[in-house]
Amino acid sequence: MRWRNRVAFACVAALLLTLPAPGPAREADMPLQMEVETGEEGGGVPLVALTFDDGPRAATTGPLLDGLALREVPATFFLVGNRVPGNEELVRRMVREGHQVGVHTYEHAILAGLSRRDFDLQVGKTRAVLTQVLGEGDFWLRPPYGIADDGVARWAESPLVLWSVDPEDWKDQDVDRIVAAVVEHVEDGDIILMHDIYHTSVEAALRVVDTLLNRGYCFVTVEQLMEQRQVEPEDGAVCRRCPPPAKN
Ligand code: NI
(Lines give C-alpha, C1' and ligand atoms only; values in the text may rest on other atoms or scores of the structure.)
Protein backbone atom coordinates (compact mmCIF):
# COMPACT_ATOMS: atom_id res chain seq x y z
CA MET A 1 0.00 0.00 0.00
CA ARG A 2 2.85 2.34 0.80
CA TRP A 3 4.40 2.11 -2.64
CA ARG A 4 1.85 2.85 -5.23
CA ASN A 5 3.20 4.03 -8.55
CA ARG A 6 0.57 6.61 -9.01
CA VAL A 7 -1.34 8.42 -6.37
CA ALA A 8 -4.21 10.71 -7.00
CA PHE A 9 -4.86 13.18 -4.26
CA ALA A 10 -7.21 16.01 -3.77
CA CYS A 11 -6.04 19.49 -4.43
CA VAL A 12 -8.11 22.60 -4.41
CA ALA A 13 -5.28 24.51 -6.10
CA ALA A 14 -5.99 27.30 -8.49
CA LEU A 15 -9.50 26.01 -9.07
CA LEU A 16 -10.57 28.27 -6.21
CA LEU A 17 -9.62 31.25 -8.32
CA THR A 18 -11.99 30.28 -11.08
CA LEU A 19 -15.01 29.78 -8.88
CA PRO A 20 -17.78 32.37 -8.68
CA ALA A 21 -17.74 34.72 -5.74
CA PRO A 22 -18.03 32.83 -2.45
CA GLY A 23 -21.57 32.46 -1.25
CA PRO A 24 -23.26 30.64 1.60
CA ALA A 25 -24.07 27.63 -0.59
CA ARG A 26 -20.47 27.02 -1.61
CA GLU A 27 -19.54 24.57 1.07
CA ALA A 28 -22.45 22.29 0.32
CA ASP A 29 -22.73 22.10 -3.42
CA MET A 30 -19.70 23.48 -5.19
CA PRO A 31 -17.18 21.00 -6.56
CA LEU A 32 -14.13 22.33 -4.78
CA GLN A 33 -12.01 19.29 -5.34
CA MET A 34 -9.80 18.59 -8.29
CA GLU A 35 -7.91 15.36 -8.79
CA VAL A 36 -4.26 15.82 -9.57
CA GLU A 37 -2.21 13.07 -11.12
CA THR A 38 1.40 13.76 -10.35
CA GLY A 39 2.68 10.86 -12.41
CA GLU A 40 5.37 8.34 -11.60
CA GLU A 41 8.08 10.94 -11.21
CA GLY A 42 6.06 12.82 -8.61
CA GLY A 43 7.30 16.06 -10.14
CA GLY A 44 5.42 19.04 -11.42
CA VAL A 45 3.01 20.04 -8.71
CA PRO A 46 4.69 21.75 -5.77
CA LEU A 47 3.87 19.90 -2.57
CA VAL A 48 3.86 21.05 1.04
CA ALA A 49 3.01 19.34 4.32
CA LEU A 50 1.42 21.35 7.10
CA THR A 51 2.04 19.82 10.53
CA PHE A 52 0.63 20.68 13.95
CA ASP A 53 2.13 19.78 17.32
CA ASP A 54 1.04 19.83 20.96
CA GLY A 55 -2.72 19.27 20.53
CA PRO A 56 -5.41 18.26 20.54
CA ARG A 57 -7.12 21.24 22.15
CA ALA A 58 -10.85 21.41 21.46
CA ALA A 59 -11.11 25.22 21.46
CA THR A 60 -8.50 25.58 18.72
CA THR A 61 -8.14 22.21 16.99
CA GLY A 62 -11.88 22.11 16.28
CA PRO A 63 -11.96 25.40 14.36
CA LEU A 64 -8.75 24.39 12.56
CA LEU A 65 -10.37 21.15 11.37
CA ASP A 66 -13.39 23.17 10.22
CA GLY A 67 -11.15 25.47 8.17
CA LEU A 68 -9.13 22.62 6.67
CA ALA A 69 -12.31 20.70 5.78
CA LEU A 70 -13.74 23.74 4.03
CA ARG A 71 -10.58 23.89 1.90
CA GLU A 72 -10.30 20.10 1.57
CA VAL A 73 -6.71 20.28 2.74
CA PRO A 74 -5.05 17.45 4.70
CA ALA A 75 -2.52 18.04 7.47
CA THR A 76 -0.52 15.99 9.95
CA PHE A 77 -1.15 16.19 13.70
CA PHE A 78 1.45 15.08 16.24
CA LEU A 79 -0.55 14.60 19.41
CA VAL A 80 0.40 14.78 23.06
CA GLY A 81 -0.95 11.58 24.60
CA ASN A 82 -2.27 13.07 27.82
CA ARG A 83 -4.40 15.51 25.82
CA VAL A 84 -6.26 12.75 24.02
CA PRO A 85 -8.64 11.67 26.84
CA GLY A 86 -11.74 13.85 26.51
CA ASN A 87 -10.85 14.72 22.92
CA GLU A 88 -11.39 11.29 21.36
CA GLU A 89 -14.02 12.48 18.92
CA LEU A 90 -11.70 15.24 17.69
CA VAL A 91 -8.97 12.65 17.06
CA ARG A 92 -11.36 10.34 15.23
CA ARG A 93 -12.46 13.30 13.14
CA MET A 94 -8.85 13.95 12.08
CA VAL A 95 -8.54 10.50 10.55
CA ARG A 96 -12.06 10.57 9.11
CA GLU A 97 -11.22 13.81 7.29
CA GLY A 98 -7.99 12.53 5.76
CA HIS A 99 -5.40 13.86 8.18
CA GLN A 100 -2.38 11.89 9.40
CA VAL A 101 -2.03 11.39 13.16
CA GLY A 102 1.29 10.89 14.91
CA VAL A 103 2.92 10.90 18.33
CA HIS A 104 4.43 13.88 20.17
CA THR A 105 5.04 11.90 23.43
CA TYR A 106 2.65 11.48 26.35
CA GLU A 107 3.76 14.54 28.35
CA HIS A 108 5.68 16.62 25.80
CA ALA A 109 8.90 15.17 27.17
CA ILE A 110 12.41 15.48 25.79
CA LEU A 111 13.16 11.94 24.61
CA ALA A 112 16.93 12.09 24.33
CA GLY A 113 18.64 10.44 27.28
CA LEU A 114 15.61 8.47 28.47
CA SER A 115 15.81 4.84 29.51
CA ARG A 116 13.98 2.35 27.31
CA ARG A 117 11.27 2.13 29.94
CA ASP A 118 10.76 5.89 30.13
CA PHE A 119 10.81 6.13 26.33
CA ASP A 120 8.01 3.58 26.21
CA LEU A 121 6.03 5.55 28.81
CA GLN A 122 6.16 8.53 26.45
CA VAL A 123 5.91 6.99 22.99
CA GLY A 124 4.54 3.46 23.45
CA LYS A 125 1.89 4.69 25.86
CA THR A 126 0.73 7.38 23.43
CA ARG A 127 0.57 4.82 20.61
CA ALA A 128 -1.53 2.61 22.87
CA VAL A 129 -3.91 5.49 23.57
CA LEU A 130 -4.19 6.27 19.86
CA THR A 131 -4.73 2.61 19.00
CA GLN A 132 -7.58 2.51 21.51
CA VAL A 133 -9.23 5.50 19.87
CA LEU A 134 -8.40 4.86 16.22
CA GLY A 135 -7.52 1.21 15.88
CA GLU A 136 -4.19 -0.06 14.59
CA GLY A 137 -1.96 2.49 12.88
CA ASP A 138 1.65 3.50 12.33
CA PHE A 139 1.54 6.78 14.33
CA TRP A 140 4.87 8.27 13.30
CA LEU A 141 6.96 10.13 15.87
CA ARG A 142 7.88 13.78 16.12
CA PRO A 143 10.21 14.25 19.12
CA PRO A 144 9.44 17.42 21.10
CA TYR A 145 11.83 20.27 20.20
CA GLY A 146 13.20 17.98 17.47
CA ILE A 147 15.63 16.55 19.99
CA ALA A 148 16.62 12.93 19.46
CA ASP A 149 19.60 10.68 20.08
CA ASP A 150 20.65 7.16 19.10
CA GLY A 151 18.21 5.58 21.55
CA VAL A 152 15.31 7.55 20.13
CA ALA A 153 16.25 6.54 16.59
CA ARG A 154 16.65 2.90 17.61
CA TRP A 155 13.33 2.67 19.48
CA ALA A 156 11.16 4.98 17.38
CA GLU A 157 9.65 2.27 15.16
CA SER A 158 8.82 5.03 12.68
CA PRO A 159 10.57 7.85 10.84
CA LEU A 160 11.51 10.86 13.01
CA VAL A 161 9.50 13.66 11.41
CA LEU A 162 11.12 17.06 11.89
CA TRP A 163 10.47 20.18 9.78
CA SER A 164 12.06 22.65 7.38
CA VAL A 165 9.91 25.76 7.95
CA ASP A 166 9.41 26.99 11.51
CA PRO A 167 7.58 30.32 11.92
CA GLU A 168 7.88 30.04 15.73
CA ASP A 169 4.15 30.58 15.99
CA TRP A 170 4.24 30.13 19.77
CA LYS A 171 6.55 33.08 20.33
CA ASP A 172 4.61 36.29 19.79
CA GLN A 173 1.35 34.86 18.37
CA ASP A 174 1.37 37.65 15.77
CA VAL A 175 -0.71 36.37 12.84
CA ASP A 176 0.77 38.64 10.16
CA ARG A 177 4.32 37.82 11.17
CA ILE A 178 3.63 34.06 11.31
CA VAL A 179 2.02 34.04 7.85
CA ALA A 180 4.92 36.00 6.37
CA ALA A 181 7.48 33.74 8.04
CA VAL A 182 5.95 30.78 6.21
CA VAL A 183 4.94 32.10 2.81
CA GLU A 184 8.14 34.08 2.24
CA HIS A 185 10.33 31.03 2.83
CA VAL A 186 8.36 27.96 1.80
CA GLU A 187 9.61 25.81 -1.07
CA ASP A 188 8.43 22.69 -2.85
CA GLY A 189 8.66 19.70 -0.51
CA ASP A 190 8.81 21.62 2.76
CA ILE A 191 7.35 20.47 6.07
CA ILE A 192 5.85 23.38 8.02
CA LEU A 193 5.78 23.31 11.82
CA MET A 194 2.89 24.96 13.66
CA HIS A 195 0.95 24.41 16.89
CA ASP A 196 -2.82 23.94 16.95
CA ILE A 197 -3.17 25.10 20.55
CA TYR A 198 -3.24 28.84 19.77
CA HIS A 199 -6.10 30.71 18.11
CA THR A 200 -3.53 32.87 16.33
CA SER A 201 -1.84 29.78 14.87
CA VAL A 202 -5.15 28.51 13.52
CA GLU A 203 -5.86 31.84 11.85
CA ALA A 204 -2.33 32.03 10.48
CA ALA A 205 -2.38 28.44 9.21
CA LEU A 206 -5.59 28.98 7.26
CA ARG A 207 -4.16 32.15 5.71
CA VAL A 208 -1.04 30.21 4.79
CA VAL A 209 -3.23 27.56 3.16
CA ASP A 210 -5.16 30.12 1.11
CA THR A 211 -1.99 31.87 -0.01
CA LEU A 212 -0.21 28.68 -1.04
CA LEU A 213 -3.28 27.21 -2.77
CA ASN A 214 -3.38 30.37 -4.87
CA ARG A 215 0.27 29.80 -5.74
CA GLY A 216 -0.58 26.33 -6.99
CA TYR A 217 0.72 24.34 -4.04
CA CYS A 218 -0.87 21.03 -3.17
CA PHE A 219 -1.17 20.10 0.51
CA VAL A 220 -0.36 16.54 1.52
CA THR A 221 0.27 14.64 4.74
CA VAL A 222 3.87 13.81 5.63
CA GLU A 223 3.29 10.20 4.64
CA GLN A 224 1.87 11.27 1.27
CA LEU A 225 4.77 13.68 0.79
CA MET A 226 7.34 10.92 1.28
CA GLU A 227 5.38 8.58 -0.93
CA GLN A 228 5.07 11.15 -3.71
CA ARG A 229 8.79 11.92 -3.53
CA GLN A 230 9.68 8.24 -3.29
CA VAL A 231 11.39 8.58 0.05
CA GLU A 232 11.19 5.23 1.83
CA PRO A 233 9.96 5.72 5.41
CA GLU A 234 12.62 4.02 7.51
CA ASP A 235 12.46 3.54 11.25
CA GLY A 236 14.67 6.06 13.04
CA ALA A 237 15.48 8.05 9.89
CA VAL A 238 15.11 11.83 10.20
CA CYS A 239 12.82 13.52 7.67
CA ARG A 240 12.91 17.31 7.43
CA ARG A 241 11.66 17.86 3.89
CA CYS A 242 11.25 16.00 0.61
CA PRO A 243 12.44 18.23 -2.24
CA PRO A 244 11.46 17.44 -5.83
CA PRO A 245 13.83 15.30 -7.89
CA ALA A 246 16.70 17.31 -9.38
CA LYS A 247 16.11 18.35 -12.97
CA ASN A 248 18.49 17.02 -15.61
NI1 NI B 1 5.86 20.38 20.91
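Trainee: Why does Val202 count as buried?

Mentor: Val202 has a relative accessibility of 8%, and buried means under 20%, so Val202 qualifies as buried. The model is a predicted one, and this value is computed from it. Val202 belongs to helix H8.

Trainee: What does Val202 touch, leaving out residues up to four places away in sequence?

Mentor: Thr60, Pro63 and Leu64 are touched by Val202. A related pair is Val202 and Gly62, which stand 140 residues apart in sequence, with 9.7 Å between their C-alpha atoms.

Trainee: Why are H3 and H8 called roughly parallel?

Mentor: Helix H3, residues 58-71, packs with H8 at an angle of about 10°. Angles under 35 degrees count as roughly parallel, and therefore H3 and H8 receive that description. Their axes are 9 Å apart.

Trainee: Which residues of H3 and H8 meet?

Mentor: From H3, the residues are Ala59, Thr60, Pro63, Leu64, Gly67, Leu68 and Arg71. Their counterparts in H8 are His199, Val202, Ala205, Leu206, Val209 and Asp210.

Trainee: What makes H7 oblique to H8?

Mentor: The axes of H7 and H8 (residues 199-214) cross at roughly 40° and come within 9 Å. Because that angle is in none of the ranges for roughly parallel (under 35 degrees), roughly perpendicular (65 to 115) or roughly antiparallel (over 145), H7 is oblique to H8. The crossing of H7 past H8 is right-handed. On the H7 side, Val175, Asp176, Ile178, Val179, Val182 and Val183 take part; they meet H8 residues including Thr200, Glu203, Ala204 and Arg207.

Trainee: How do you know that Asp54, His104 and His108 are donors of the nickel ion?

Mentor: Their donor atoms, OD of Asp54 and NE2 of both His104 and His108, lie 2.0 to 2.2 Å from the nickel ion. Donors are N, O and S atoms within 2.8 Å of the metal, so these atoms meet the criterion. The spacing of the donor residues in sequence is D-x49-H-x3-H.

Trainee: Why is Asp53 called buried?

Mentor: Its relative accessibility is 2%, under the limit of 20%, so Asp53 is buried. Asp53 is in strand S3. Beyond residues up to four places away in sequence, Asp53 touches several residues, among them His104, Phe78 and Arg142.

Trainee: What makes the pairing of Asp53 and Arg142 a polar contact?

Mentor: The side chains of Asp53 and Arg142 are joined at 2.8 Å. A polar contact needs N or O atoms within 3.5 Å, one able to donate a hydrogen and the other to accept it, so the distance is inside the limit.

Trainee: Why does Asp188 count as buried?

Mentor: At 18% relative accessibility, Asp188 is under the 20% cut-off, and therefore it counts as buried. Asp188 is located in the loop between helix H7 (175-183) and strand S7 (190-195). Its side chain makes a polar contact of 3.0 Å with the side chain of Arg229. Further contacts of Asp188, apart from neighbours within four places in sequence, include Val45, Tyr217 and Arg241.

Trainee: Why are Tyr145 and Glu157 called exposed?

Mentor: Exposed means over 50% relative accessible area. Tyr145 has 52% and so counts as exposed, and Glu157, with 54%, is therefore exposed too. Tyr145 sits in the loop between helix H5 (116-134) and helix H6 (150-155), while Glu157 sits in the loop between H6 and strand S6 (160-161).

Trainee: What is the phi of Tyr145 and of Glu157?

Mentor: Phi is about 65° in Tyr145 and near 55° in Glu157. Both values are positive, and neither residue is a glycine. Most residues other than glycine have a negative phi.

Trainee: Is the peptide bond from Gly55 to Pro56 cis or trans?

Mentor: That bond is cis, with omega near 5°. Most peptide bonds are trans. Pro56 is placed in the loop between strand S3 (47-53) and H3.

Terms used
Residues are numbered from 1 along each chain as its sequence is written. This is a predicted model: local features need pLDDT of at least 70, side-chain atom pairs count only at pLDDT 80 or more; totals for chains, interfaces and linings use all residues. Side-chain values use heavy atoms; hydrogens and water are left out. Donors are N, O and S atoms within 2.8 Å of the metal (3.2 Å for Na, K and Ca); water is not among the atoms, so sites may look incomplete. Helices (H or I, at least four residues) and strands (E, at least two) are DSSP runs, numbered from the N terminus. Buried means under 20% relative accessible area, exposed over 50%, partly exposed in between (1.4 Å probe, protein chains only). Contact means heavy atoms within 4.5 Å. Axes are lines fitted to C-alpha atoms, for helices over the stretch in contact, and angles run from 0 to 180 degrees between N-to-C directions. A crossing is left-handed if the near helix is turned anticlockwise from the far one by less than a right angle, and right-handed if clockwise.
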